[in-house]
Each structure stands twice: as C-alpha cells, then as structure tokens.
Amino acid sequence: MTENNPPNPGKNNPTPEGKERIIRSEIMQFAVAMEAVMSMHDSRKGNSWRITPLEYLINKLKEEFVEWETTPTKKELIDVANVCMMLFHRKGIDAA
C-alpha cells in the first residue's frame, strides 16, 4: 500500500446492485493520512476515543477547527477529520 495507490476496500463492499464499489483515490489518500496520524498516538492514547465522554470530543472538534482557522494546513484538517470520524462512530449512523 502506498499513498498514491492504496488498496480499494470497496471490492468487499458492493453497491446495492452488486457492482464493485470504487472508492475515489482522493478519499483513500485522505483516509491513509488520517490513519497515519491516528496510529502515531496509538502507544499513548490507543482507542481511548471510544470511551471518552462525547462532550469532550465535541469540544475537541471545536478546538481543532479553530486551530485549522488560524493555521490552515493539511495537518490541521486531518486533526479535524479524525475527531469527526470519532464522533461519527460514537454517535452512531443516522439513516441519511
């Protein structure tokens, strides 16, 4: 797996019509970047986000967004995205 050519998990996640789901390369690159940051914290934090109070994660999202506004870098966007991912999985998936 490379950043420019990550594996395509859509092969195991077909569309409702049974067609192979192709995940856009931009989404895969973003996910790889998110995972790189998450894995950097594994030894210290592990999966603590799974049990951290939701209020903490919501405040952390606000904090990370302000950091991105003041320092608009890809790194800060990845931090925002990772907190969004945590909230997405903690709050459940709404039918949308």
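Modeller: A quick term before we start: the expected span of a helix is 1.5 Å times one less than its number of residues. This is a predicted model, where local features need pLDDT of at least 70, side-chain atom pairs count only at pLDDT 80 or more, and totals for chains, interfaces and linings use all residues. Residues are numbered from 1 along each chain as its sequence is written, and side-chain values use heavy atoms, with hydrogens and water left out.

Colleague: OK, what distance does α1 reach from its first C-alpha to its last?

Modeller: With 16 residues, α1 reaches 23 Å, close to the 22 Å expected at 1.5 Å a residue. Helices here are DSSP runs (H or I, at least four residues), numbered from the N terminus.

Colleague: And how do I read the crossing of α1 and α4?

Modeller: Two packed helices are described by the angle between their axes and the distance between the axes. Here the axes of α1 (residues 25–40) and α4 (residues 74–91) come within 9 Å and cross at roughly 85 degrees. Axes are lines fitted to C-alpha atoms over the stretch in contact, with angles from 0 to 180 degrees between N-to-C directions. That makes α1 roughly perpendicular to α4 (65 to 115 degrees).

Colleague: Which residues of α1 are buried?

Modeller: M28, M34, V37 and M38, where buried means under 20% relative accessible area (1.4 Å probe, protein chains only). The buried residues of α1 pack against α2 (42–45) and α4, with contact meaning heavy atoms within 4.5 Å.

Notes: Helix = DSSP H or I, 4+ residues; strand = E, 2+ residues; numbered from the N terminus. Parallel < 35°, antiparallel > 145°, perpendicular 65-115°, else oblique. Buried < 20%, exposed > 50% of the residue type's maximum accessible area, 1.4 Å probe, protein only.
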